[in-house]
Amino acid sequence: MKKILSSFLCLLFSSMVFAQDKLEGTVATDVVTTYYWRGQNCGDVSLQPTLGVAYRGLSLSAWGSVGLSNAEDTKEFDLTLSYSTGGLTLGVTDYWFSSGLDSQNRYFMYNAHSTNHVFEAFAGYDFGPLSATWFTNFAGNDGVGSGGKRAYSSYAEVAVPFRLASIDWSAQVGVVPYATSYYDTTGFAVTNLSLKATKDIHITDSFSVPVFGQVAANPCSEKAYLVFGFTLQP
């Protein structure tokens with residue numbers, strides 16, 4: 001795993017000279033009625049803060065989720081390192097959850113058989129009219145396949161953004177290509193069909209609040225969701 005991360009970092013930093021020369025920062029938080037992720041219900045009403053920096057196409061972000069209405073919801077803390085050039089984006093994410101193999105919920109426990117971390121690599125390309133991204137878990141507390149071995153759980157998604165009636169929309173289709181307990185599938189499965197609408201609500205001339213609504217369904221589990229949320233960002 002260390003060799004993979006080392007090679008990836010070398011690729012990112014060697015490519016930085018081709019991207020724009022501007023340091024950008026992000027501080028924001030979402031409040032959502034349901035934590036919906038890739039066709040899964042991961043919690044009830046949740047607070048989801050983001051902190052990030054980006055420079056010359058290279059970005060590092062921290063993202064978290066904590067339940068507001070249900071104290072038993074799993075807490076989450078993710079770190080993502082990515083690099084974008086043109087329409088291509090490559091990255092790795094370290095997911096940490098407050099439940100998993102380690103009953104003591106220690107953040108710095110990385111042992112493969114007793115960690116609450118999941119490590120994922122992803123690659124995506126924005127073609128303009130649509131974008132496509134592939135995600136694969138390569139280490140940590142991954143699921144198992146039909147044979148009981150590590151599944152290297154994967155998820156692929158296509159998103160189509162468009163604007164209609166002064167609202168920004170995004171239609172998404174997500175699939176799990178093979179069996180894994182991580183996504184609770186027994187083979188190829190369509191796990192995410194969603195339509196999301198976002199609109200800025202102007203509070204003052206200089207301050208607005210993006211609000212969003214999402215209709216989503218998981219045909220594999222036969223579940224449907226209606227999500228509402230808003231973003232606070234200085």
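This is a predicted model: local features need pLDDT of at least 70, side-chain atom pairs count only at pLDDT 80 or more; totals for chains, interfaces and linings use all residues.
Figure 1. Across the whole structure, 16 aromatic pairs are found. One of them joins Tyr110 and Phe119: the ring centres are 6.4 Å apart and the planes meet at 35 degrees, so the pair is classed as tilted. Tyr110 is partly exposed, with a relative accessibility of 42%, whereas Phe119 is buried at 10%.

**Figure 2. The Tyr182–Tyr183 pair and an aromatic cluster**. The rings of Tyr182 and Tyr183 have centres 5.0 Å apart and planes at 85 degrees, so this pair is edge-to-face. Both residues are buried. Tyr182 and Tyr183 also belong to a cluster linked by ring pairs, together with Trp37, Tyr95, Phe97, Phe122, Phe135 and Tyr155.

**Figure 3. Charged ends over aromatic rings**. The charged end of Lys196 sits over the ring of Phe212, at 4.5 Å from the ring centre. The charged end of Arg150 is placed over the ring of Tyr152, 5.7 Å from its centre.

**Figure 4. The largest pocket**. This pocket has a volume of about 1,600 Å³. Its lining comprises 39 residues, of which Trp37, Trp63, Glu157, Gln172 and Lys196 are the closest to the pocket centre. By class, the lining contains 14 nonpolar, 18 polar and seven charged residues.

**Figure 5. The second largest pocket**. The volume here is about 310 Å³. Among the 15 lining residues, Trp37, Gln40, Cys42, Phe97 and Tyr182 are the closest to the centre. Strands β2 (35-37), β3 (40-43) and β7 (88-97) each contribute at least two residues to this lining, and β3 gives the most, with three. The lining of the second largest pocket divides into six nonpolar, seven polar and two charged residues.

Key. Residues are numbered from 1 along each chain as its sequence is written. Side-chain values use heavy atoms; hydrogens and water are left out. Rings of Phe, Tyr and Trp (its six-membered ring) pair if their centres lie within 6.5 Å; planes under 30 degrees apart count as stacked, over 60 as edge-to-face and the rest as tilted. Buried means under 20% relative accessible area, exposed over 50%, partly exposed in between (1.4 Å probe, protein chains only). A charge sits over a ring if NZ of Lys or CZ of Arg is within 6 Å of the ring centre and within 35 degrees of the ring normal. On a 1 Å grid over the protein atoms alone, a cavity is a set of points where a 1.4 Å probe fits but cannot get out, and a pocket is an open set with protein on both sides within 12 Å along at least five of seven lines; lining residues have an atom within 4 Å of a point. Grid points are joined across faces, edges and corners, and a volume is the space filled by probe spheres set on the points. Ala, Val, Leu, Ile, Met, Phe, Trp, Tyr, Cys and Pro count as nonpolar, Asp, Glu, Lys and Arg as charged, and the others, Gly among them, as polar. Helices (H or I, at least four residues) and strands (E, at least two) are DSSP runs, numbered from the N terminus.
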